[in-house]
Amino acid sequence: LWSGLSDNPGHTKGNITMHYAISKLLEEGYNVYQNTEYHGQFDLIIESRKTKKLLRVDVKSLNYIDNTKTRISGATLRANQRDYPEEGILFLIVDSDGCMWIQGHISQSTPREERLKESMKKLGM
């Protein structure tokens, strides 16, 4: 799982976020496979141990701009990510408090600590 740290703070944050996401997903009972290509089309494949369903995800960090606004770094599909069938490539969002969810698969009223479970359930995971 070691992908190294960088002198670039953005890369270091990305690596830390990736390792946190992998650890949390394994803890939640999923099989997790990391893409070994440096500039791969997605970061992880998540497999449900119950349904055997697979999800391709791009892991994104949630950055806080100020106290009222947030933005997700780079949360748009690149050209080489747009041609996947079925669910395609989804965004796994990790916020600065360690809460995670799949973008577009939660209701805004869901408590943050329940967002991963809700989004995975909606996706049949």
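Which residue stands opposite Leu44 in strand 2? Select Gln34, which stands opposite Leu44. This is a predicted model, in which local features need pLDDT of at least 70 and side-chain atom pairs count only at pLDDT 80 or more, while totals for chains, interfaces and linings use all residues. Residues are numbered from 1 along each chain as its sequence is written, and side-chain values use heavy atoms, with hydrogens and water left out.

Next, select strand 1 (30-34) and strand 2 (44-48); helices (H or I, at least four residues) and strands (E, at least two) are DSSP runs numbered from the N terminus. The two strands run antiparallel and are joined by five bridges; pairing requires at least two DSSP bridges. Strand 2 is largely enclosed by the rest of the structure, because four of its five residues are buried, that is, under 20% relative accessible area (1.4 Å probe, protein chains only).

Move to Gly40, in the loop between these strands. Gly40 counts as buried because its relative accessibility is 9%. Beyond residues up to four places away in sequence, Gly40 touches Asn35 and Arg78, contact meaning heavy atoms within 4.5 Å.

Of its 20 residues, Leu25, Leu44, Val57, Leu92 and Met120 touch the most other members. Helix 1 gives this core its largest share, four residues.

Terms used:
Buried means under 20% relative accessible area, exposed over 50%, partly exposed in between (1.4 Å probe, protein chains only). A nonpolar core is a set of buried Ala, Val, Leu, Ile, Met, Phe, Trp, Tyr and Cys residues joined through side-chain atoms within 4.5 Å.
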